[in-house]
Amino acid sequence: MEFEEEDSGDKPSWFQRVRENIVTKTKDKKSTPDGLWEKCPRCKAIVPAKDIINNCYVCTQCEYHVKIGSREYFSILFDNGKFTELDADLSSGDPLEFTDTSSYVDRIRVSQSKSGLKDALRSGTGKMNGMPVVIACMDFGFIGGSMGSVVGEKIARAIDYGRVHRMPVIVISKSGGARMMEAAFSLMQMAKTSAKLALLAKEGVPYISILTDPTTGGVTASYAMLGDFNVAEPEALIGFAGPRVIRETIGKDLPKGFQSSEFLQEHGFVDFIVKRYEMKQKIATLLAMIWDKKAK
Amino acid sequence: MAGTYFDFEKPLQELQEQLDKARETHEKGKVDMSELITQLEGKIEATRKEIYSHLNGWQKVQISRHPERPYSLDYIEHITSDFIELHGDRNVKDDKAIVGGFASIDGETVMIIGHQKGRNTKQRQYRNFGMPNPEGYRKALRLMKLAEKFRKPIITFIDTPGASPGLEAEERGQGEAIARNLLEMAVLKVPVICIVIGEGASGGALGIGVGDRVLMMEYTWYSVISPESCSSILWRSWDYKEKAADALKLSAEDMLGNKLIDGIIREPLGGAHNNPEAAFKAVKDEIKKHLKVLKAMEPDELVTTRVEKFGSMGVYVEG
Ligand SMILES: [Zn+2]
């Protein structure tokens with residue numbers, strides 16, 4: 001949000017949904033039990049929706065990682081998709097009575113009814129391969145996944161929950177950065193979440209940051225980069241300054257692959273890149289290797 | 001007397017020109033102008049008071065960027081002695097946009113760290129316009145850890161248009177460098193006082209801004225984005241910077257009212273550049289006042305209070 005989003009991603013439907021009657025001309029009718037097909041925005045292949053879902057929302061043809069939200073991540077990561085949501089009733093105030101081309105209050109209202117979400121992050125506690133964990137996940141569909149007071153507070157509380165109950169904390173980032181409409185309140189969420197992570201670290205409880213497409217601005221400059229383990233999905237855009245800002249500053253095009261997950265791993269800021277359908281297993285294995293709740 | 005006037009200071013500039021002329025005539029000894037001179041001097045003072053009594057957000061942003069405003073090294077030179085500058089992050093290089101080192105304030109050793117801008121074209125480039133790269137933040141952290149090791153308080157001066165956006169900054173982890181400072185500063189076991197002396201732009205400012213006391217000088221700004229960038233993103237035009245400055249509530253008064261800072265340091269009439277000596281004294285007095293209180297606190301109490309302070313920032317509805 002600090003940076004203009006190149007790809008708004010605000011559309012609730014990630015793939016271009018193709019109705020049966022449109023694709024029957026070219027595709028085999030018999031293989032569409034639910035009648036729903038998806039068109040991959042990258043390779044343009046038209047694949048049954050259920051294949052994509054079963055593949056953790058990764059294109060079965062080209063491995064494109066579809067932009068998904070907290071609902072999908074929770075169903076992928078928590079055992080049997082079961083979890084208890086934390087702080088579900090937090091929603092944004094309007095501390096600055098902010099108005100640009102429309103009022104912040106209206107933006108919130110529209111975003112809430114469009115997305116069915118209260119704000120840009122949900123958190124919950126449940127089990128991953130039997131191990132109790134706390135997961136907080138950002139929703140890009142809510143004002144570009146921007147971080148305001150609600151996002152900051154819910155992350156802070158999720159970290160506190162993990163510290164008090166001695167559960168590993170996992171935060172999944174997907175954000176355009178700080179929420180301008182909360183100005184300095186939004187800025188201070190960076191300090192707040194980072195301070196809470198310092199307390200968590202003192203207690204020796206693991207923190208895993210999962211960076212997904214896109215993770216930029218104030219989110220990158222706080223909790224997203226502070227993992228004991230920084231884990232990225234393939235080919236995600238991850239950076240502090242937005243690509244447009246950098247391009248305008250240096251006055252030339254950016255090198256290919258700049259600010260991608262692979263670029264960050266190469267430069268030493270991401271521990272490993274994991275495909276989404278291997279994410280749960282790999283993270284659960286890692287946690288099982290290092291984490292003993294009773295040890296302190 | 002400052003030589004650069006803002007649009008909103010136009011009446012002042014005109015009066016000053018009249019005054020200069022009157023003085024010249026007087027000095028040439030042709031006509032006795034002393035009465036007019038006194039009159040004009042009084043008028044300038046009154047006009048300046050009038051203008052500065054109701055500045056809007058954008059005007060304060062302009063003052064915070066005045067080319068003659070004191071920078072970090074000016075404060076260091078005038079309020080400390082024995083400044084020993086320490087260079088480098090022990091890894092990549094010495095970032096010139098952040099300076100730091102041990103110094104003495106009336107016999108007390110402190111670590112002073114600040115963003116540094118340049119005054120002329122050459123210096124501005126040398127200091128990268130006060131926009132640090134990751135190694136600047138890492139140098140700052142190294143110095144803060146040194147201060148903690150030797151149990152010396154830390155003072156930071158914030159004055160940046162933002163962390164540097166560039167290829168090298170991204171390659172070397174600008175986001176990680178700032179994030180690491182936020183985490184580490186939150187739990188430093190020595191007193192930390194942060195003072196916004198000019199521009200407080202976003203993460204680039206906050207990267208040396210997590211303190212027990214965060215103070216803003218009267219004519220500075222602090223927010224998540226500059227009014228110009230905010231205008232270009234939300235209004236999709238550069239023309240709404242004044243509106244954006246008001247909407248962002250980025251002035252010292254607003255920031256204090258929202259409990260996002262701990263105090264305001266009053267500036268001399270017309271801004272710090274108008275009477276630097278007075279500004280240096282005001283800053284020094286505030287540092288000494290707050291240090292006295294903070295030094296009486298136990299290290300654990302400092303950390304707990306600091307984390308709680310930042311932990312309580314934010315406005316939301318529950319239920
Ligand atoms: Zn595909």
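In this predicted model, strand 2 (residues 36–39) and strand 3 (residues 46–48) of chain A run antiparallel and are joined by 3 bridges. Within that pair, E38(A) sits opposite V47(A) of strand 3. The hairpin made by strand 2 and strand 3 of chain A leaves 6 residues between its strands, and K44(A) there adopts a positive phi near 65°.

The next piece of chain A to look at is an open sheet. Its 7 strands come in the order 4-6-7-8-9-10-11, with mixed pairing. Strand 4 (83–86) and strand 11 (272–273) of chain A are the edge strands, each pairing on one side only. Inside the sheet, strand 6 (residues 121–128) and strand 7 (residues 131–138) of chain A are antiparallel and share 8 bridges. T125(A) faces V134(A) of strand 7 in this pairing.

N129(A) counts as partly exposed because it has 14 C-beta neighbours inside 10 Å. Helix 10 (residues 276–290) of chain A lies across strand 6, strand 7, strand 9 (207–215) and strand 10 (229–232) of the chain, and runs at about 130° to strand 7.

Q259(A), in the loop between helix 8 and helix 9 (261–266) of chain A, is another non-glycine residue with a positive phi, near 65°. With 24 other C-beta atoms within 10 Å, Q259(A) is buried. G148(A) belongs to the loop between strand 7 and helix 5 of chain A, and it is buried too, because 32 C-beta neighbours fall inside 10 Å. Setting aside neighbours within four places in sequence, G148(A) touches S92(A), R179(A), E182(A), F185(A) and S186(A). G148(A) and P243(A) are 95 residues apart in sequence, with their C-alpha atoms 22 Å apart in space.

Now for the two chains together. Their contact draws 52 residues from chain A and 45 residues from chain B. On the side of chain A that touches chain B, the elements giving two or more residues are strand 5 (90–92), helix 5 (149–164), helix 6, helix 7 (217–220) and helix 8 (243–250). Helix 6 supplies the largest share of that side, 16 residues. Sorted by class, the side of chain A that touches chain B comprises 28 nonpolar, 17 polar and 7 charged residues.

Strand pairing also crosses between the chains: strand 5 of chain A pairs with strand 9 (residues 316–318) of chain B in the antiparallel sense, over 3 bridges. Here L90(A) has E318(B), in strand 9 of chain B, as its bridge partner.

The largest nonpolar core contains 160 residues, and A184(A), L182(B), A186(B) and I195(B) have the most contacts inside it. Helix 6 (residues 183–202) of chain A gives the largest share of this core, 11 residues. In general terms, nonpolar side chains tend to be buried together in soluble globular proteins. For A186(B), the contacts beyond four places in sequence are A191(A), S194(A), A195(A) and A198(A) from chain A, along with V210(B), R306(B), V307(B) and F310(B) from chain B.

Chain B itself is divided into domain 1 (7–54) and domain 2 (61–311), and the C-alpha centres of these domains of chain B are 36 Å apart. S312(B) is placed in the loop between helix 14 (299–311) and strand 9 of chain B. With 12 C-beta neighbours inside 10 Å, S312(B) counts as exposed, since the cut-off for that class is 12 or fewer. The C-alpha atoms of S312(B) and F280(B) are separated by 32 Å, the two residues being 32 residues apart along the chain.

How values were computed:
Residues are numbered from 1 along each chain as its sequence is written. Chains are lettered from A and ligands numbered from 1 in the order in which they are written. This is a predicted model: local features need pLDDT of at least 70, side-chain atom pairs count only at pLDDT 80 or more; totals for chains, interfaces and linings use all residues. A nonpolar core is a set of buried Ala, Val, Leu, Ile, Met, Phe, Trp, Tyr and Cys residues joined through C-beta atoms within 7 Å. A residue is buried if 20 or more other C-beta atoms lie within 10 Å of its own, exposed if 12 or fewer, and partly exposed in between; C-beta atoms are placed from the backbone. Helices (H or I, at least four residues) and strands (E, at least two) are DSSP runs, numbered from the N terminus. Two residues are in contact if their C-beta atoms, placed from the backbone, lie within 7 Å. Ala, Val, Leu, Ile, Met, Phe, Trp, Tyr, Cys and Pro count as nonpolar, Asp, Glu, Lys and Arg as charged, and the others, Gly among them, as polar. Two strands pair if DSSP finds at least two bridges between them. Axes are lines fitted to C-alpha atoms, for helices over the stretch in contact, and angles run from 0 to 180 degrees between N-to-C directions. Domain bounds come from an automatic or database domain assignment.
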